[in-house]
Amino acid sequence: MFRRHADTCVARFAADEVSVLRQVATEVIGLLTDGFDRGDPVVERLFPDVYGDDPAQAADFRRYTEGDLKTAKIDQAGAILAALPSTGGAVVRLDPEAAEAWLRALNDVRLALGIRLDVKDDTDLLEELDDAVMRDPTSARVRQLTMYQYLGVLQESLLDAIIARGG
């Protein structure tokens, strides 16, 4: 997990953590490039309509902002990929700008995964995970819920390190 060290946020990742982080960052990039589909609930969540009650205004706003927002989200996910080796474990040191990019990218990943897992504000994640384990401990849902929980803890540790640094 992340800790503050002078003006950087530092974390040590095992090889399996690096693999998960690279996988989810790559999936977000794929979703925002080749797989970009306005009808996908994940895309809708990452790019919500600002004018939900006025489709014409929403489309006009999207026309002027969506490209830049999409590019920023791709760059943020790319910051995760850039900081991690392709294989093996790693110690990651993030300057303030990279830490902010990671924080935003982790948020996007969790939003996307939360939509796919149907996680709501009132979802008890530990109860959901226990239920999934009871049904089938080797299921994809158990892995995905565990990943969602891990990413939340990682995101919180990074936020804590950023705040400890004074923003």
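Among the elements of the protein chain, the lowest mean pLDDT, 90, belongs to helix H5 (residues 125–135), whereas strand S3 has the highest, 97. The model is a predicted one, and over the protein chain the mean pLDDT is 92, with 98% of the residues reaching 70 or more.

The strands form an open sheet of three, in the order S1-S2-S3, and their pairing is antiparallel. Strand S1 (3–5) and strand S3 (90–94) are the edge strands, each of them pairing on one side only, and from one strand to the next the twist averages 35 degrees. Strand S2 (residues 8–13) runs antiparallel to S1 and is joined to S1 by three bridges; Arg4, for its part, has Cys9 in S2 as its bridge partner.

Turning to contacts between helices, two packed helices are described by the angle between their axes and the distance between the axes. For H1 and helix H3 (residues 55–83), the axes come within 9 Å and cross at roughly 160 degrees; because angles over 145 degrees count as roughly antiparallel, H1 is roughly antiparallel to H3. The crossing of H1 and H3 is left-handed. On the H1 side the contact is made by Leu21, Arg22, Ala25, Thr26, Val28, Ile29 and Leu32, which meet Lys70, Lys73, Ile74, Ala77, Gly78, Ile80 and Leu81 in H3. Sorted by class, the contact of H1 with H3 has nine nonpolar, two polar and three charged residues.

How do H3 and helix H4 (residues 96–117) pack, and at what angle? Their axes are 8 Å apart and the angle is about 110 degrees, so H3 and H4 are roughly perpendicular to each other, given that this description covers 65 to 115 degrees. In this contact Lys73, Gln76, Ala77, Ala79, Ile80 and Ala83 of H3 meet Ala101, Trp102, Arg104, Ala105, Leu106 and Asp108 of H4, and the residues of the contact of H3 with H4 divide into eight nonpolar, one polar and three charged.

Methods:
Residues numbered from 1 in each chain as written. Predicted model: local features only at pLDDT ≥ 70, side-chain atom pairs only at ≥ 80, totals over all residues. Heavy atoms only, no water. Pairing = 2+ DSSP bridges. Helix = DSSP H or I, 4+ residues; strand = E, 2+ residues; numbered from the N terminus. Axes fitted to C-alpha atoms, helices over the stretch in contact; angles between N-to-C directions. Parallel < 35°, antiparallel > 145°, perpendicular 65-115°, else oblique. Left-handed = near helix turned anticlockwise from the far one by under 90°. Contact = heavy atoms within 4.5 Å. Nonpolar A, V, L, I, M, F, W, Y, C, P; charged D, E, K, R; others polar. pLDDT = per-residue confidence, 0-100.
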